[in-house]
Amino acid sequence: KGVVSIHVLKGIMKVTAGGEAREMRAGQILMLAPGVLHSLAALDESEVLVSVNLVSNPGAPLPDGVKG
């Protein structure tokens, strides 16, 4: 459980997070708070980098720009 970053490297992805769907294109990054349910689907030939930054202090405030 940690902050998740979704970085579309190539193509178009449909990303659903917290019940909200959006299209993401190459170069776009989405940051999600720990525990936010999410799913990904490629709408075109795509490459994506998904990273999880494990949080050592779960009570710490979220970084600026992280969707909670």
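Is K10 buried, partly exposed or exposed, and why does K10 count as such?

Modeller: This is a predicted model. K10 counts as partly exposed because its relative accessibility is 35%, and the buried class ends under 20% while the exposed class starts over 50%.

Now its partner. K10 forms a salt bridge with E45. The closest N and O atoms are 3.4 Å apart. K10 sits in strand β1, while E45 lies in the loop between β5 and β6. The two residues are 35 apart, so the pair links distant parts of the chain. E45 is exposed, at a relative accessible area of 60%. In general, side chains of opposite charge can pair when their charged atoms come close.

The count comes to three salt bridges. E20 and R22 meet through their side chains at 3.2 Å, N to O. E20 is partly exposed at 38%, and R22 is partly exposed at 26%. E23 and R25 form a salt bridge at 3.4 Å, N to O. E23 counts as partly exposed at 48%, as does R25 at 45%.

Back to the strand that holds K10. β1 runs over residues 2–10. An open sheet of three strands has the order β4-β1-β6, paired antiparallel. The edge strands are β4 and β6, each pairing on one side only. On average, neighbouring strands here are turned by 15 degrees against each other, direction ignored. β1 and β4 share four bridges. Within that pairing, I6 has L30 of β4 as its bridge partner.

I6 and L30 also belong to the largest nonpolar core, which has eleven residues. Others in the core include V4, V8, M13 and V15. β1, β2 and β4 each give two or more residues to this core. In soluble globular proteins, nonpolar side chains tend to be buried together.

K14 shows both contacts: its bridge partner in β3 is E23, and in β5 it is A41. The hairpin of β2 and β3 has two residues between the strands. G18 in that turn has a positive phi of about 60 degrees.

L40 lies in β5 and is partly exposed at 34%. With V48 and V50, L40 forms a nonpolar patch of about 190 Å² accessible area together.

Notes:
Residues numbered from 1 in each chain as written. Predicted model: local features only at pLDDT ≥ 70, side-chain atom pairs only at ≥ 80, totals over all residues. Heavy atoms only, no water. Core = buried A, V, L, I, M, F, W, Y, C linked by side-chain atoms within 4.5 Å. Buried < 20%, exposed > 50% of the residue type's maximum accessible area, 1.4 Å probe, protein only. Pairing = 2+ DSSP bridges. Axes fitted to C-alpha atoms, helices over the stretch in contact; angles between N-to-C directions. Patch = residues over 30% accessible without salt bridge, like charges linked within 9 Å, V, L, I, M, F, W, Y side chains within 5 Å. Areas by Shrake-Rupley, 256 points an atom, 1.4 Å probe, with all protein chains shown as cover. Salt bridge = Lys/Arg side-chain N within 4 Å of Asp/Glu carboxyl O.
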